[in-house]
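Please read them alongside the coordinates.

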Amino acid sequence: MNLDLSPDEIAFRDEARAWLAANVPAEPLPSMDTPEGFRAHQEWETTLADARWSVVSWPEAYHGRGASLVEWVIFEEEYYRAGAPGRVSQNGIFLLSPTLFEHGTKEQQDRWLPPMATGEQVWAQAWSEPEAGSDLAALRSRAERDDHRGGWVLNGQKTWSSRASYAHWGFGLFRSDPDSERHRGLTYFCFPLAAEGVTVRPIAQLDGEPGFAEIFLDDVFVPDVDVLGEPGQGWAVAMSTAGNERGLSLRSPGRFCATADRLVELWRRQGAPAELRDRVVDAWLGAEAYRLYTWGTVSRLVDGGQIGYSGSVNKVFWSDLDVAMHETALDLLAAEGEVRGPWVDGYLFSLSGPIYAGTNEVQRNVVAERILGLPREARG
Amino acid sequence: MNLDLSPDEIAFRDEARAWLAANVPAEPLPSMDTPEGFRAHQEWETTLADARWSVVSWPEAYHGRGASLVEWVIFEEEYYRAGAPGRVSQNGIFLLSPTLFEHGTKEQQDRWLPPMATGEQVWAQAWSEPEAGSDLAALRSRAERDDHRGGWVLNGQKTWSSRASYAHWGFGLFRSDPDSERHRGLTYFCFPLAAEGVTVRPIAQLDGEPGFAEIFLDDVFVPDVDVLGEPGQGWAVAMSTAGNERGLSLRSPGRFCATADRLVELWRRQGAPAELRDRVVDAWLGAEAYRLYTWGTVSRLVDGGQIGYSGSVNKVFWSDLDVAMHETALDLLAAEGEVRGPWVDGYLFSLSGPIYAGTNEVQRNVVAERILGLPREARG
Amino acid sequence: MHLARTEEQHELAGVVMGLLDRHSDSSAVRAAAESGTYDIRLWRALCEQVGVAALPVPEGYDGVGASLVETAVVLEEVGRNLAPAPLLASALAVTQLLLHGSEQERRDQLPGLAAGEVRPVQLGRVVLEPEQSTGSMDQTMRLALVDGAGDIPEDTRAVALALISALQVGAMQRGLEMTVAYSQERVQFGRPIGSFQALKHRLAEMLVLVEASRSASWGAAGAAADHVGDPTPEREARLVRLASVAAGYCTEALAHVATETVQLHGGIAMTWEHDAQLLLKRAHALNQLAGPAHLTRSRVLEARLI
Amino acid sequence: MHLARTEEQHELAGVVMGLLDRHSDSSAVRAAAESGTYDIRLWRALCEQVGVAALPVPEGYDGVGASLVETAVVLEEVGRNLAPAPLLASALAVTQLLLHGSEQERRDQLPGLAAGEVRPVQLGRVVLEPEQSTGSMDQTMRLALVDGAGDIPEDTRAVALALISALQVGAMQRGLEMTVAYSQERVQFGRPIGSFQALKHRLAEMLVLVEASRSASWGAAGAAADHVGDPTPEREARLVRLASVAAGYCTEALAHVATETVQLHGGIAMTWEHDAQLLLKRAHALNQLAGPAHLTRSRVLEARLI
């Protein structure tokens with residue numbers, strides 16, 4: 001066990017902290033689910049990129065700093081502690097980019113990574129379909145070969161695509177072999193949301209803002225250069241980085257520690273009611289424990305270990321914690337909690353935590369079967 | 001809604017209350033899982049029976065008072081409020097007697113009910129088997145026909161039989177048709193635990209006392225007069241009264257209200273710590289809600305309704321509540337809770353609540369499938 | 001001792017359910033919520049066809065002379081439908097007059113209330129059916145937050161808790177029904193998700209909570225009816241006790257049921273179009289009205305119930 | 001920043017596990033528990049073959065000069081085995097001398113402790129390894145309850161919490177392993193019960209708690225080792241913080257894991273013969289040592305951690 005940061009890490013942390021203190025907007029940006037908020041968040045990404053803070057773990061050639069995993073976690077902690085804006089580019093930089101680094105061609109990397117790093121191009125995921133939510137392998141959207149034009153023609157419907165209403169590119173899996181079933185015969189495609197045949201229909205979310213969208217694809221042509229990895233290998237391509245440690249599977253603890261701190265503040269401001277004391281302390285304990293758990297995972301990775309299925313443990317941990325913290329906040333606010341405000345918005349958002357990026361039910365199956373070795377259930 | 005008792009009910013309640021106040025032993029009896037405690041509890045049953053309080057809902061001919069369902073619940077509330085001893089005869093009077101009233105011959109009723117009411121004969125259940133716990137229909141103990149002697153020969157092993165070490169008679173299901181499977185071909189038998197071929201082996205429970213026993217049957221002969229209901233119809237016979245309202249499926253709320261009251265007292269004695277306040281109030285609220293729920297069920301039954309599967313709701317409700325109350329008590333006791341005492345004993349006992357008489361897992365399946373109509377699971 | 005509905009109360013529930021099915025489907029609820037007022041057409045139908053506002057008003061004041069139990073029966077259905085109907089405020093105004101109004105005030109005001117007049121009513125820091133509602137998370141109930149807590153007699157407050165618990169039980173029932181239906185339709189991994197045991201057990205827990213809450217709420221409604229019908233200190237004490245039990249139990253139960261409704265629906269519950277969000281917000285508003293769980297627990301101690 | 005065991009620490013854990021497997025099976029644990037003292041043969045083996053008592057004692061006092069992290073590694077295995085070994089008391093006596101003893105006291109006492117001498121140590125109202133133990137629910141740890149809470153420096157107390165959390169994590173690990181194994185073997189309704197999804201999800205929750213507790217405990221052990229190795233106010237502050245996190249988190253987690261272990265085993269867990277009862281009682285004793293959940297939470301506030 002070594003609880004100290006190295007001198008280099010301390011220097012990195014101090015630099016990040018100083019820059020954030022000087023640059024984080026004093027007022028929160030408008031919600032990134034609104035058109036003006038989306039633009040404001042894009043601009044913030046540009047500000048970050050100009051100082052090389054938007055993608056610290058990427059190579060320097062692509063606006064990064066080649067930061068180590070430990071540095072990345074440090075940066076994330078500082079970022080949330082500073083109260084910096086949410087990352088509008090998160091689907092691109094956390095979900096897509098690991099796949100792009102591993103399976104993309106040099107041409108694709110050069111074309112897509114720089115505008116992703118600067119916030120100029122925002123990427124939307126096109127994973128879920130109406131009948132394929134938890135069961136992603138049930139997807140039906142299809143890709144037909146067009147040898148004549150040298151590419152593929154996409155048809156189908158995708159849903160739960162965050163901020164696709166405003167984003168520029170989509171990425172997702174399509175069934176390229178019509179006779180295939182489940183995980184086989186899928187191909188990973190990237191496509192501009194402005195392409196001919198693409199229709200994006202916003203879905204108003206809990207708070208009424210169009211945070212999600214459905215994407216309808218009607219004979220959308222995608223050239224071969226926009227296929228990621230080998231055709232037919234889409235599932236393997238997507239899964240190879242599904243547990244990528246810098247992506248969602250290692251959700252950085254900074255966000256939850258910051259929420260816990262705000263909750264403690266709120267509790268004091270409300271007169272420190274004894275009856276809610278334990279729940280407030282629990283929130284703090286949970287966030288600290290999550291932080292240590294993350295550091296434990298990082299240490300294992302640094303030692304050459306694999307993240308394996310512990311991303312599922314992580315997911316269950318942080319999403320349940322986030323809901324509990326927001327519920328406590330609303331109870332503290334009592335009648336005020338009925339009025340719209342940051343805690344109410346945060347609460348509605350927290351409820352999506354156990355659902356998206358693999359529901360907690362699916363994650364618990366993964367933990368039970370892959371980590372504990374319990375028998376699989378018949379799943380058709 | 002009518003929240004008042006009728007004048008007759010008030011008179012009944014007052015009579016019970018007065019008798020209990022005058023007769024409940026000042027000191028708790030020794031544990032009924034010990035030989036001397038068992039005897040003391042038997043004597044208490046005799047005292048109850050002498051004043052016709054041991055089986056208030058039975059006909060007068062069998063030591064009862066022909067009490068209504070409402071009166072029965074009133075009696076139970078008074079009984080626990082008075083801190084009266086546990087019922088050593090409960091398996092007989094709550095589990096077996098409803099079946100005996102419905103399916104027993106007049107001869108069987110006359111022979112078995114009176115000594116059951118007086119505590120002279122204590123009955124032990126012989127339901128579970130080592131490989132048939134939650135899945136009762138998997139039982140293997142068998143009964144072979146002996147036409148010559150006019151009866152059946154029992155062989156096999158039963159387990160989790162409460163207090164069988166001291167009891168006089170056993171009752172349970174045996175497979176009388178060797179070619180049958182699951183629920184079919186079973187017969188309901190009663191047999192003296194002193195019969196030739198019966199061996200009772202005590203199982204020490206959590207606290208080290210032999211509260212349970214295994215019953216081994218080795219060529220035990222049971223005459224036809226000791227078969228309850230038709231041979232081969234055992235499952236139907238047992239199930240017809242499995243949800244009997246005066247049995248375990250309507251566990252009377254008195255016990256839990258009394259525990260909640262003791263918990264509140266303990267909380268005050270420990271200085272009313274604010275951090276445990278909500279859990280203490282929750283216990284009280286839960287017990288009161290359970291009491292109202294029971295009254296709701298009783299009212300439905302009085303109106304001619306069926307208890308149906310709400311016994312399962314009941315079971316989940318009271319057993320979870322009982323564990324929560326005892327956990328809170330141990331937290332209140334802090335280090336003292338480590339020392340053996342009534343709360344520690346109660347805690348260990350409460351843990352068996354979610355397990356026995358149909359585990360809460362099985363009960364939740366019943367609620368989901370029979371009440372909510374969700375699809376059954378493949379169960380082999 | 002009889003904690004069950006009468007035949008007539010069953011019928012009343014059926015009539016109200018039918019009326020709400022016709023007049024207050026999801027789009028009507030949404031339209032009213034966006035209008036910034038309650039659903040005026042629906043309220044008129046409820047008053048004219050069922051006389052819901054007149055139910056708790058004695059016949060001598062142009063009312064029906066039923067009891068608050070009947071009001072609670074209707075509120076349970078209103079809660080289940082999530083209907084934007086001002087029955088809670090209406091019944092509380094009537095209660096306040098019956099318990100604490102002068103004969104003159106009753107004569108002046110009860111006939112109008114029986115006919116469906118709606119006026120602001122303050123409960124703690126929240127005003128029901130205010131002149132001007134402040135933006136609240138729930139838009140199917142009109143609420144405003146004010147600075148000072150209004151002064152309200154203990155027994156009126158207890159009646160309020162009893163009636164709110166009827167709305168809470170209705171909302172829970174809706175959450176449970178919605179989730180059971182969804183879990184039977186939704187197929188994932190080749191099976192309806194309602195066949196997965198983990199989900200079944202969570203639905204079973206929801207049912208336990210709904211059933212227990214309903215008994216608690218019925219008990220409180222009975223005690224409210226008894227006391228308002230013929231106030232005595234003994235009846236008031238029983239009302240305060242049973243209303244505290246109902247508020248304490250139903251508040252926790254509804255919070256759990258509403259959250260589970262959202263979680264078990266998955267992504268679809270995260271959308272504006274789906275009624276799960278209406279339920280979640282209604283649950284939140286009702287629980288703030290009853291007081292969050294820890295405040296309902298404070299009340300048990302303050303009222304020296306234990 | 002490195003929250004992981006070294007290769008040597010992994011090996012140490014393996015050696016201790018092997019030794020416990022050989023010397024401390026269920027019947028040995030029970031025999032010692034009934035003897036009214038710790039398992040003297042086992043303790044001798046642990047001291048002579050692994051030097052567990054000497055681990056935290058500096059070389060200058062006849063010790064091994066390892067750190068408290070190594071002690072925590074051993075405690076996790078001892079916790080997993082439920083072994084009646086007095087390592088916690090032994091390590092706390094060493095800690096107290098290192099942090100607050102005079103040089104003379106160290107010279108006099110550390111060599112004996114390094115060789116395996118065991119003495120009573122008081123923590124709050126509980127005495128570990130007392131001359132005379134009072135009847136406690138758990139019989140695999142020797143405890144006595146005394147009237148006055150002993151006076152104990154803040155940093156020693158924090159080390160105690162860190163080390164107790166290692167025992168707690170070990171106990172949780174045992175509960176999880178026991179339950180997973182049982183659920184794979186036990187067949188009901190024609191299937192191993194571990195294939196029922198509701199059960200799988202409960203086991204998954206247990207794993208989440210065990211893993212999170214382990215990280216918290218390792219952090220606390222690291223902080224304890226740093227501070228005891230070279231005490232400074234900064235190190236003490238970090239130790240108090242991380243030990244409070246470990247105690248707060250592990251206490252709740254162990255209570256849950258132990259209860260689930262009993263519940264998921266069903267009737268068999270209700271018997272004396274099955275080790276589930278040993279685990280339940282050990283869990284209870286450890287949580288009383290760390291302080292019940294609400295007291296560990298008080299400490300977070302008292303220490304002004306938030």
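1. The contact between chains C and B takes 38 residues from chain C and 33 residues from chain B, where two residues are in contact if their C-beta atoms, placed from the backbone, lie within 7 Å. On the side of chain C that touches chain B, the elements giving two or more residues are helices H7 (154-185), H8 (197-229), H9 (233-265) and H11 (293-302) of chain C, with helices taken as DSSP runs (H or I, at least four residues) numbered from the N terminus. H8(C) gives the most to this side, with 18 residues.

2. This is a predicted model, in which local features need pLDDT of at least 70 and side-chain atom pairs count only at pLDDT 80 or more, whereas totals for chains, interfaces and linings use all residues. Residues are numbered from 1 along each chain as its sequence is written, and chains are lettered from A in the order in which they are written.

3. The contact between chains A and D draws 33 residues from chain A and 38 residues from chain D. Helices H8 (274-302), H9 (310-333) and H11 (360-371) of chain A are the elements that give two or more residues to the side of chain A that touches chain D, and H8(A) gives the most, with 13 residues.

4. Within chain C, helix H1 (residues 7-23) and helix H3 (residues 40-50) pack at an angle of about 150 degrees with their axes 11 Å apart, the axes being lines fitted to C-alpha atoms over the stretch in contact and the angles running from 0 to 180 degrees between N-to-C directions. H1(C) and H3(C) are therefore roughly antiparallel (angles over 145 degrees).

Key
Parallel < 35°, antiparallel > 145°, perpendicular 65-115°, else oblique.
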